[in-house]
Amino acid sequence: MKKTVCAIAALTMIVSSGLVAQSRTKGRSGSRGSSGKTIKVWESDDSAKTYIMWAAKEFMKTHKGVRIEYEHVESTDARAKIELDGPAGVGADVFVAPHDHISALVAGGHVAENTDSAYLNDFIDAAKTAAVFGGKTYGYPLGIETYALFYNKDLMPEAPKTWDDVIAFAKTFNDSSINKYALVWPVGDSYYDYMFSGSFGKRLFGPNGDDRHQHNINSKEAIEGLKFFQGLRSQILDVPSADMTGDFANSCFTQGKAAMIITGPWKTEEFKKLGINFGITTLPAFPGKTQPATSFSGVRLAFVSEYSENKEIAQEFAAFLTTKANLEKRFEITKQIPPRNDITTNDPLSNGILEQTKYAVPMPTIPQMTAYWNAMGSCYGGIWDGEDIITDVNSAAAVVDAAK
């Protein structure tokens, strides 16, 4: 999930001959433990860990003398940890991180290039974009996620195709006196709200998402989308931006007071456990548009550390994690969408997310994104609450222009 910060657990596990044991090995990356080659892998806990442990056993069947060592490091924490542990010689050989960390990892010299020119041929466009920086491939795509439209089938058997459909449904469903709304989402969140400014023709930071001089925040296309965004408050969700938080939106949906919510696959298990009869589909199309709204996508990438003393075998393992057969197994274990063209999932809920990824663009990775998140969060909130659109987008643009 975007912008999530989790604590790091320091438990290290070793997979050897099908057994799992605790280890407190020390030493330089790639040279720990036995006379054979050891590859340390950092990955998140739970289902992601389960996949790594499975893949390690399979890899070692054909790579005698290689030992795969798992250490729990949340993907969102891996960048900061490799910046410290890598130069100290105690970092991972392979680690997993969100794709929007790639610019800092490359700029810091922390990750090794993947020189296999054909590697990305079978991956979807969003994964190809996410794994490349400065014209070179660094990442090995493991999974892709984006937000989409979740809808309660008991409240509305068929999902809306367009925003006009949403507005029409709201007229029959809404009752603000009891916080009952057709559709909810955190309206001041620049992650979700990109669908309004990015769906009308110009992508954030240019065609490839890497040109700081083409942020397009205050382009006429973005302004067109934001006018529509501002008009939705009086039509479907008359709640101040400060009140319409992610927690409030989630509460409305889980309590049956909202028929729809815009969120991501990280909420699927929670909604299933609560017994909600829900479906997932693409975001509604805007007036005059023939395809679903554009969303941000996030790609989970494996990286090989530049500090590894066993780069070749580490690269083999990273590529092994992302083969067609192994990503199919990963989906079975984690339910994260495989970012390959040659894999089709058969899970109805996952299929809804997968379909939206066709209309998603990877979050840009350039350093100015930090300024974007902060400036546009305030911008979207102010516009929702009735502030002047031109003034707000110009102010946000100035902040991003000044960012280093």
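**Overall build**

Me: How many helices and strands are there in the protein?
Reply: The protein has 14 helices and 14 strands, where helices (H or I, at least four residues) and strands (E, at least two) are DSSP runs numbered from the N terminus. The radius of gyration of the protein is 22 Å, close to the 22 Å that the globule rule gives for 404 residues, so the protein is as compact as a globular protein of that length. That radius is taken over C-alpha atoms, and the globule rule is 2.2 Å times the number of residues to the power 0.38.

Me: Before we go on, what sort of model is this, and how are residues numbered?
Reply: This is a predicted model, in which local features need pLDDT of at least 70 and side-chain atom pairs count only at pLDDT 80 or more, while totals for chains, interfaces and linings use all residues. Residues are numbered from 1 along each chain as its sequence is written, and side-chain values use heavy atoms, with hydrogens and water left out.

Me: What box do the C-alpha atoms fill?
Reply: Taken along the principal axes, the C-alpha atoms fill a box of roughly 70 × 50 × 35 Å.

Me: And what share of the residues is buried?
Reply: Buried residues make up 56% of the 404 residues, where buried means under 20% relative accessible area, exposed over 50%, and partly exposed in between (1.4 Å probe, protein chains only). Among contacts (heavy atoms within 4.5 Å) between residues at least 6 apart in sequence, 76% join residues at least 24 apart.

Me: What about the charges?
Reply: There are 41 positive and 47 negative side chains, and the centres of the two sets lie 5 Å apart. Lys and Arg count as positive and Asp and Glu as negative, whereas His and the chain ends are not counted; the place of a charge is taken as NZ of Lys, CZ of Arg, CG of Asp or CD of Glu.

**Strands and a helix**

Me: Is strand β11 enclosed or open?
Reply: Six of the six residues of strand β11 (residues 258-263) are buried, so strand β11 is largely enclosed by the rest of the structure.

Me: Which way does β9 run against β11?
Reply: Strand β9 (residues 148-152) and β11 run antiparallel and are joined by four bridges, with Phe-150 standing opposite Ile-261 in β11. Two strands pair if DSSP finds at least two bridges between them.

Me: And β10?
Reply: Strand β10 (residues 181-184) runs parallel to β11, with three bridges joining them, and Tyr-181 has Ala-258 in β11 as its bridge partner.

Me: Which residues cover the two sides of β4?
Reply: Val-66, Ile-68, Tyr-70 and His-72 lie on one side of β4 and Arg-67, Glu-69 and Glu-71 on the other, and all of them are buried. Seven of the seven residues of strand β4 (residues 66-72) are buried, so strand β4 is largely enclosed by the rest of the structure. Strand β3 (residues 37-43) runs parallel to β4 and is joined to β4 by seven bridges, one of the pairs being Glu-43 with His-72 in β4.

Me: Switching to helices, which residues of α12 are buried?
Reply: The buried residues in α12 include Leu-349, Ser-350, Gly-352 and Ile-353. Seven of the ten residues of helix α12 (residues 348-357) are buried, so helix α12 is largely enclosed by the rest of the structure.

**Single residues**

Me: Where is Asn-179 found?
Reply: Asn-179 is found in the loop between α5 (163-173) and β10, and at 30% relative accessibility Asn-179 counts as partly exposed. Not counting residues up to four places away in sequence, Asn-179 touches Phe-248, Cys-252 and Lys-257.

Me: What is its phi like?
Reply: Phi of Asn-179 is near 55 degrees, a positive value in a residue other than glycine. Most residues other than glycine have a negative phi. Asp-46, which is not a glycine, has a positive phi of about 60 degrees.

Me: Is Asp-46 buried or exposed?
Reply: At 60% relative accessibility, Asp-46 counts as exposed, and Asp-46 is found in the loop between β3 and α1 (47-62).

Me: Last one, what does Glu-316 contact?
Reply: Leaving aside neighbours within four places in sequence, Glu-316 is in contact with Phe-59 and His-63. Glu-316 is found in helix α10 (residues 311-321).
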